[in-house]
Amino acid sequence: MRIGVVTFPGSLDDTDAARAVRYAGAEAVPLWHADRDLRGVDAVILPGGFSYGDYLRCGAIARFSPVMAELVPAAKAGLPVLGICNGFQILCEAHLLPGALTRNAGLRFITRDVPLTVANASTAWTNGYESGQQLLVPLKSGEGAYAAGPATLDELERTGRVVVRYAGAAPNGAARGIAGICDEAGTVVGLMPHPEHAIDPLTGPSADGLGFFTSVVTAFAGARG
Amino acid sequence: MSDKDTVEVAAATPEQPQPFEELGLTKDEYAKIRDILGRRPTAAELALYSVMWSEHCSYKSSKVHLRRLAPNEEQSGQLLAGIGANAGVVDIGQGYAVTFKIESHNHPSFVEPHQGAATGVGGIVRDILAMGARPVAVMDALRFGPADAHDTARVLPGVVSGISFYGNCLGLPNIGGELAFDPCYAGNPLINALCVGVMRHADLQAAVASGPGNKVVLFGSRTGPDGVGGASVLASATFGGDGDGRARAKRPSVQVGDPFLEKLLVECCLELYASGLIEGIQDLGAAGIACATTELAAGGDGGMRVTLDDVPLRDPSLTPAEILMSESQERMMAVVRPDNIEAFLRVCAKWDVEATVIGEVTGDGTLTMTWRGGTVVQIPPRTAADGPVYQRPMARPADLDALQAAAPGGLDRPKDGPALRAAVLALLGSADEADKSWVTAQYDHYVRGNTVLAMPEDGGLLRIDERTQLGIALATDGNGRYCRLDPYQGTQLALSEAYRNVAMTGASPVAVTNCLNFGSPEDPAVMWQLAEAVRGLADACAALGIPVTGGNVSLYNQTGTNAIHPTPVIGVLGVHDDVRRRLAAGFTEDAAQVVLLGETREEFGGSAWAHVTHGHLGGHPPAADLDAERRLADLMSAAAQESLLSSAHDLSTGGLSIALAESCIRGGRGCRVRLPGDPFTDLFSESAARAVVSVTPGREAEFAALCAANEIPATVLGTTGGQTLAVEATFEVSLDELRRVWQGTLPALFS
């Protein structure tokens, strides 16, 4: 399987996302923001970072990148896409996912290993987990509080589109403890915590995050088999 | 008139008064410039010399002492580039080289904490980048006034938010550092930033302009009026002005950082290096274009001709002097062969980095700059780059004898279990010893995915090679109170602690960087402290067999006549052969033997206990024992390789009491210990060359034999387990209470 990792100006965790792809047994394909070309990949990761410095609303400029012009229709047609942190913000700005990410409740950047609960274990990126499974994954963001209108939040919960929640109080004030959500098809997933930083206990708090990457690889192999 | 002050005009108007004193030059220095040039300098030349000969750029007061730090044969074995380069470069094996350096941004951070600290990170990162390395991590050593002082509530959160803003956006993991408080830093906080970079040997870049005909390219941010300190003087009425000098808006003297642009600049430079498109490179930091052009030209074999009209400006009204002095951030200067220019500009365009050819290398040995058709600079570049050297008067501080005589022996000591328990908790909850998460949680230590250890561990540890598991460890340490009592010994203790912290991860220390924070060099007592500190560092490095690879000197850290404590901050780099065998501070398993390594003496001068419980500073600091430090490091490295230990934590301020409490909290596991001697001395002494470890169950005899072989005294204290820190026959504290006391302090002060 070939999984594309997009580098925007200011992307920071692109090398980490690529490493996680390799750990999951797939090939990581670098994608460049300025190219209207997905290079025929089978899935795409929008990594963490500060695209364009995030001097405007986070992700607001990146969504207009040439590569996004290719990605948005492909995602709507079923290409699995995972947005991590800044990638989640970009997916919301691109309206592939509803809602927005706002300043942390404490107004400070937070780096912390946070316990998460898997709420939906049937998406393209979480099918390797059990529903209700607990994960320990780093959170590192200044604008990570998920926000949406009550109707949208009700709809997300009713349709099972909340993918992961903070176990216990959300450290950033996220609405209803939401850490990550998916689109209606369950192929586009966005989350604030960083599963790519939890693939090896040597460099992360656990290897709990690896499941996001093995999920998509396993599902792809199954579909082909 | 200043904008038309050409070389010809200067030669024709020798009597024209010039504001050299406002620019920080002495009468003698000004006379020397006139002597070098054979005429009065132009306004632009005066600006250039004034910044190049400033204390910050020229090290004119410290240079005579810093010569002591030149490495001897044993020390220079692994050095690929040493002091004098932008940063020293060390061979760490497997074809990798590491460059690291620590630098101060003290004064800007006091004036404007957020941007001052942010641009401090940016500046040191460009130093590392200029050597050809990819920057891979940063650390910050921070010192403030009393934690509960009104102004600390302004400075500390601003500094931390600035480091968080810049470092996180730049994508460099922040893997450690220090946070300390003392009244002596109230008006002079110390903001020291360290950056480390990694490259292959072949990637090493040089800061030289050679090859006549080669182009000089300025790339990155545009040049603006920010950070132009003294240059406004040049545009002032007393110097004639150019009509708008008086009307010009006052600009902030602290620069504003753009970490996003710096990230692009990093990736752009690395691609330029990889493509072989650069002959020489220099970052722009203090003194901006003035410094970059003179240093490149002085380092090369010829001269340089620069057209200042071609410098891209944010403000078109800048005078030549202002263009030269501007400290606008995120700029680099490269020397490029003409046939590579097109490819060079293409790489810059890919990364949206503006790049402009502003001049070329010449063979005439002169740095020449033109502006609007006239020649405004024409100097021998080495005369500006080398600067004056002063042998400042020195004198042992008049109060030092009295200070050393006021030994802590007479202080009232806790005598029974409850009193000792209270003293441990008071120390653990003191701002210096308390949990630093309020600060470090604002820094990203995960980015790039190679962080094996980060704060609050003794040293940061990074994986360098995923295949071979080669890694590097880093730690910074300093102790102003020790140095106030004895700068020679105090500096050796700072080095010893950083060295020991690196060793605690299982790494072998290989190189040293330093940031020397002192008061005014015009005070003979301060100069004596500086000289003693450098002498102590030089002697200690020779004893440990590791070189100083570079550093930075920050003087004038004083308010009125009150200088800070002399505060050399020492960074040590270590090499770890296999990061999977790293050691960390927390007790990780039950029923492991807890062993104290090293010798405990009654040493309380400058101790945390004396400071926290009595507000006392006097006597002599603990004795440094470099031979013991070296043997302890050898022991730790061997024990890590053999997997004999399940935890390791060095003893420093607060002694055994703090080390045990931290190992318990960090591992979520208690311990039961029996103290071998006087409980007060055992708990709070700050004797150097010590550590507390827990031994892998079943490997006790092997470890004891290894200690004996390395001649390190090993005292079995007890075993790990339970949920209390229990000191037999003395006191017990639950982990919950330890945690509550340790974690509560900083949030209560700053949230």
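A: In chain B, Asp140(B) stands opposite Ala193(B), a residue of β6(B). Strands here are DSSP runs of E of at least two residues and helices are runs of H or I of at least four, numbered from the N terminus, and two strands pair if DSSP finds at least two bridges between them. This is a predicted model, in which local features need pLDDT of at least 70 and side-chain atom pairs count only at pLDDT 80 or more, while totals for chains, interfaces and linings use all residues. Residues are numbered from 1 along each chain as its sequence is written, and chains are lettered from A and ligands numbered from 1 in the order in which they are written.

Strand β4 (residues 134–144) and strand β6 (residues 190–200) of chain B run antiparallel and are joined by nine bridges. Helix α7 (residues 113–130) of chain B packs on the sheet, where it touches β3 (96–104), β4 and β6 of chain B, and its direction makes about 25° with that of β6(B); contact means that C-beta atoms, placed from the backbone, lie within 7 Å, and angles run from 0 to 180 degrees between N-to-C directions of axes, which are lines fitted to C-alpha atoms, for helices over the stretch in contact. Helix α8 (residues 152–170) of chain B also packs on the sheet, touching β4, β5 and β6 of chain B, with its direction at about 180° to that of β4(B).

The sheet itself is open and has six strands in the order β1-β2-β3-β6-β4-β5 (chain B), with mixed pairing. Because β1 (79–81) and β5 (174–181) of chain B stand at the edges, each with a single partner strand, one side of each is left without a neighbour in the sheet.

Note on methods
Two residues are in contact if their C-beta atoms, placed from the backbone, lie within 7 Å.
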